[in-house]
Amino acid sequence: MTEVRPTAAASASLWERDEEVAAVARAVDTLCADRSSSGSLLVFRGEAGLGKTALLAEIRRLAEARGCTVWSARGGETLRSVPFNVVRQLLQPALVSMMPEEAREYLGDWYDIAGPALGIAEPSERPADPQGVCDGLVAAVRRLARRDWPLVLLVDDAHWADQETLRWLAAFADRLDDLSVLVVVARRPGDVRGVNAELLEQIAAAGRPAGTLSALTPDAVAGLTRATLGAHADAPFCREVWAVTGGNPYETVELLAKVQDSELEPAEASAGELRALNRSARGGGLVARLEELGIDATRCAWAAAILGDGITVDLVAKLATMGLDDAARCADLLKAARILTAPDPASGRAGEGALEFVHPLIATAVYNSIPDALRRAWHGVAAQVVTDSGLGAAAASRHLLQVHPDDDQELVEQLREAAREHLAVGAPDAARRCLERALLEPPLPEVHARVLFELGCASLLTAPARTIGHLQTALAMPGLEGAERVDAVFRLSQALLHNDQLEEAVRTVEAEAARHPDGPARLRLQAVQYMWEGIHAGESATPGRSERLAGLARTCTGRDNSERALLILRGFDAMTRGESAEEVVELCDRALVNGRLAPGLGWTDTEWGVELLMMLGSSYAYADRLDRAESLFAEALRAYTVAGWSGGHLALANAFLGLAYRRQGRLRDAESILRESLRLAERVGRGLPLYWSATCGLVDTLLARGHIDEAWSVAEQYGFHPPYPSTIVLPDPQSVRGRLLLAVGRTKEGVDELQAAEKAAASRGHHNPVMVPWAVDLARALATEEPSRAAQLASEARRRAERFGTDTAIGEALRCAAALETGQRAVRLAEQAVAYLESSPCQYEHAAARVEYGIAARSVTELRRGLDLARACGADGLAARAQQELDTGHGLT
């Protein structure tokens, strides 16, 4: 315990902080010792006034003394609505030191993604993906950290940081293992709710809790009192200082300053006056003290509180409508009264005429003291000041949000423009706040529906349930007509889909299509209806749907994107139903323009959505045109990476490229990319179709590799079991789950799962034996107990395979038939399977057929060929089986 320390009163907040300072010193020593060491994160918690800011200042001093680069930033109570505010502050030293060309070269591909959020690059016309921007910021800081090692990042008042910064900090903290940087975060406990609270907990979980700051003990307060007022301060007086302030360092320093100002004798006889002095240093007492400085000084303090950050004498003068000299005089008064101060030069926020509040508690008290009507009016003036300075609508929006609703249509337009700017840099929540505020104005009737539509689009990715209400209200109002209305209906159906209301999505577009005459709008809506019906995994297919879709597609030549969409949908439907693969490919090819996606139908175009192109690629994948499937999905991966879309879109692109690799027999590549897909999907959220695609694809690939225990572990860890999602997942989860159960020896459960897959496929009309391969696995499982049923299943699988007509489908059916036979018939069937699969692009299935044929024919040559193929594919289990047969050697020729 520290009783007396020979330090100035200004460092009072460091009294009794030896343990915290020592922990930081150890972390700094570790950072500086080895450039290859892992990074670390320290989180300090403490109530207001307990010295978090002073502790961070001491950390800066320690770090800079060791030769570290230190960047710092601070959250602000009135600035939480400003996206990327804190991370921009943090990176200012690095950004200011770079020329634009240098920043572009240094940040590389991330420049166009993270640059707009940091204010160093112009945003694109298309809304940015929030997850992509977050990843871009993580990458940018990691690159800068390597350049400026040893680097210490300080974040003060993190409980007031904006959501976008907290999301970045949570992601950055999770990746410190391979980056030598020290991050120190200070925050109040509690004081935050919702998403920000969750993010703060994620940040804390990624580091180690460095401690919760406590109030000073009576001995420490006594030492501080005597260091400030003199050694003659008696014990009863010192005890009363502690009792009045509760040991709060900030309040203690302020109270002792008041004692000095009042020339009060630090003796027991004067102790009774301390409570009155303490009241004047906080809350209402602070406001009364402010008023004593005069109306001009009060107005200056109010103006500073409205501005919140970037406070300068010049801006205060403009907002308080007074001359510059008068504002400077008032600023000096406020400094003398310990209300305002000049920023610490080390913070990077100092400049000519720069000001900040001495403590956040003072800023809060001053802001809350402004009469409500005046506060709202001044926020309006502040918005105009920001706009006139050329910073744009987004920068002014935090003030616009506070203005009292007054039927101001110019304000509505400013907020709409601010929302567009926020979306362009990847801050949809900030855009949502602007549009929700615009609705309170309210907009004119002819604009109201458009604002609701924009709000629905802004919240689609982050709050699909809320989006549904906005768009349904917008569509019920006048104002949305023509193509704009069709777009709104499509967005609404997307929101319903994301909210697991697929049937309602279908009904919505169907009803809207009925309102339109024949033409492009109706055709687009019909295509969307068929698209949602096509991915529905419900108990039964819509009666007559395939026939109606086939009829529409027959009239399509691919002259516009609606017709191309219908061709894709018809191709996908024919593929799932197991119709001629040749016709499937022909339909899909007609939807392309010179072999490529048509303009407006690309992966990052939003008019149709990603589902349509996933259907196109899947149709190629299961129709044995794996070259085209791989090309499409690789193009998706490139497009999303370049655009910075690293959320659900990138997860899906990885999952479907993994599907293409799995179908080709590139099992190692498939496993790698599917693991990346699952990592991305985890960030988006469990239970979504994209999450199922990643998990199911990975389990299927691990089974093909022969890694059965690992496949089971993945299934258990990621919840790969019923109930299944309401949308189609590829590969078919029930078939994969059934095969997994058989592989781990849970035969009865595996048979039940495959029979459930059989029933589900029949109800949906899905008769493609490659896409839904339950039949061949079930036939093998029943071979001993129910041989006649197994033979019937194998025969039906072969019939359907021949109808579909691909080498893979027929070869797999023959493999199954061979497994049910013995003797020369088994050999002949296995040989036929090899003949088909040798021409197939699916090399794993070819390898399996070679090994099985080698075993049936007792052929060393075939086993060796199968072994080589299995090793090339990464099918370790299959290779081990072939090697074992070769090593045993009984009867081989």
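**Notes on charges and domains**

1. Let's start with a local pair: Lys318 and Asp314 form a salt bridge through their side chains, at 3.7 Å from N to O. Please keep in mind that this is a predicted model. Both residues belong to helix H15 (residues 313-320), where they sit four residues apart, about one turn of the helix.

2. How accessible are these two partners? Lys318 has 48% relative accessibility, so it counts as partly exposed. Asp314 is also partly exposed, because its relative accessibility is 37%, and partly exposed covers the range between under 20% for buried and over 50% for exposed.

3. A second salt bridge joins the side chains of Asp777 and Arg739, with an N to O distance of 3.1 Å. This pair connects distant parts of the chain: Asp777 comes from helix H38 (residues 774-782) and Arg739 from helix H36 (residues 733-743), 38 residues apart. Asp777 has a relative accessible area of 13%, so it is buried.

4. Next, have a look at Arg815 and Glu852, whose side chains meet in a salt bridge of 2.7 Å, N to O. Arg815 is in helix H40 (residues 807-819) and Glu852 is in helix H42 (residues 843-857), so this contact ties together parts that lie 37 residues apart in sequence. Are the two partners buried or exposed? Both Arg815 and Glu852 are buried.

5. A network of them links Glu533, Arg545, Arg570, Asp573, Arg577 and Glu579. For the overall tally, the count is 64 salt bridges.

6. Now for some charges on the surface. Asp406, Asp407, Asp408 and Glu410 come together there as a patch of negative charge. Asp406 is found in the loop between helix H19 (393-400) and helix H20 (409-424). With a relative accessibility of 60%, Asp406 counts as exposed, because the cut-off for exposed is over 50%.

7. Finally, the domains. The domain assignment divides the protein chain into domain 1 (17-212), domain 2 (218-282), domain 3 (288-369), domain 4 (371-442), domain 5 (529-645) and domain 6 (806-892). How far apart do the C-alpha centres of domain 2 and domain 4 lie? The distance between those centres is 45 Å.

Key:
Residues numbered from 1 in each chain as written. Predicted model: local features only at pLDDT ≥ 70, side-chain atom pairs only at ≥ 80, totals over all residues. Heavy atoms only, no water. Salt bridge = Lys/Arg side-chain N within 4 Å of Asp/Glu carboxyl O. Helix = DSSP H or I, 4+ residues; strand = E, 2+ residues; numbered from the N terminus. Buried < 20%, exposed > 50% of the residue type's maximum accessible area, 1.4 Å probe, protein only. Patch = residues over 30% accessible without salt bridge, like charges linked within 9 Å, V, L, I, M, F, W, Y side chains within 5 Å. Areas by Shrake-Rupley, 256 points an atom, 1.4 Å probe, with all protein chains shown as cover. Lys, Arg positive; Asp, Glu negative; His and termini not counted. Charge placed at Lys NZ, Arg CZ, Asp CG, Glu CD. Domains from an automatic or database assignment.
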